[in-house]
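Open the structure in your viewer and get ready to click along.

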Amino acid sequence: MIKQLTVCLENEEGRLASAVRTIANADINMQALFLADTADFGILRIFCDTPQKACDELTKNGYRAKLIDVVAVKVPNKPGELANLMDYLNENNVNVEYAHCFIVGDNAYDVLKVADASLDVKLSAAGFDVCKPEDIYVVD
């Protein structure tokens, strides 16, 4: 499992910019950012070099932020690879609460929020390339 920073933002002008500025002012480097929104609020999901520090900074500045355990699986960036992962999860009755992915070079990183805390071990045993924190949190 790896830590993903999750922030609940009011859906109002400037709120995203302010959250990102708070992180930047703390000298925290973001590697990935995802935003889902509704009419009233947005859910901001971030991978960064120091997730606990980012969470603390955001909370200190009035944001609702928490760290969430997720599984990230590296697969080749080609047709069918995500489907293979989803087939495995389906065949093993794993419910995916939410998912997102990003591409780095020739690989896709599929990020999964699931209730099964041992999924990373099961995926590794099944031959999937499960990411460790250092695979996601790039520190210079």
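Predicted model: local features only at pLDDT ≥ 70, side-chain atom pairs only at ≥ 80, totals over all residues.

Leaving aside its neighbours within four places in sequence, Glu81 touches Val75 and Pro76. Now color helix α3, residues 81–91, and you will find that Glu81 belongs to it.

Does Glu81 sit buried or exposed? Glu81 is buried, yet it has no salt bridge. A salt bridge here needs the charged atoms within 4 Å.

Next, move to the largest nonpolar core, a group of 15 residues. Highlight Leu5, Val7 and Leu58, which have the most contacts inside this core. Then color β1 (2–10), α1 (15–25), β3 (41–48) and α2 (51–60), the elements that each give two or more residues to the core. In soluble globular proteins, nonpolar side chains tend to be buried together.

Stay with Leu5 for a moment. Setting aside neighbours within four places in sequence, its contacts include Ile23, Leu44, Ile46, Ala54 and Leu58.

Finally, zoom out to the whole chain. How many helices and strands does it have? There are 5 helices and 7 strands, following the pattern β-α-β-β-α-β-α-β-β-α-β-α along the sequence. The radius of gyration is 16 Å, close to the 14 Å that the globule rule gives for 140 residues, so the chain is as compact as a globular protein of that length. Color by burial to finish: buried residues make up 41% of the 140 residues.

Methods: Residues numbered from 1 in each chain as written. Heavy atoms only, no water. Core = buried A, V, L, I, M, F, W, Y, C linked by side-chain atoms within 4.5 Å. Buried < 20%, exposed > 50% of the residue type's maximum accessible area, 1.4 Å probe, protein only. Helix = DSSP H or I, 4+ residues; strand = E, 2+ residues; numbered from the N terminus. Contact = heavy atoms within 4.5 Å. Lys, Arg positive; Asp, Glu negative; His and termini not counted. Salt bridge = Lys/Arg side-chain N within 4 Å of Asp/Glu carboxyl O. Rg over C-alpha atoms; globule rule 2.2 N^0.38 Å.
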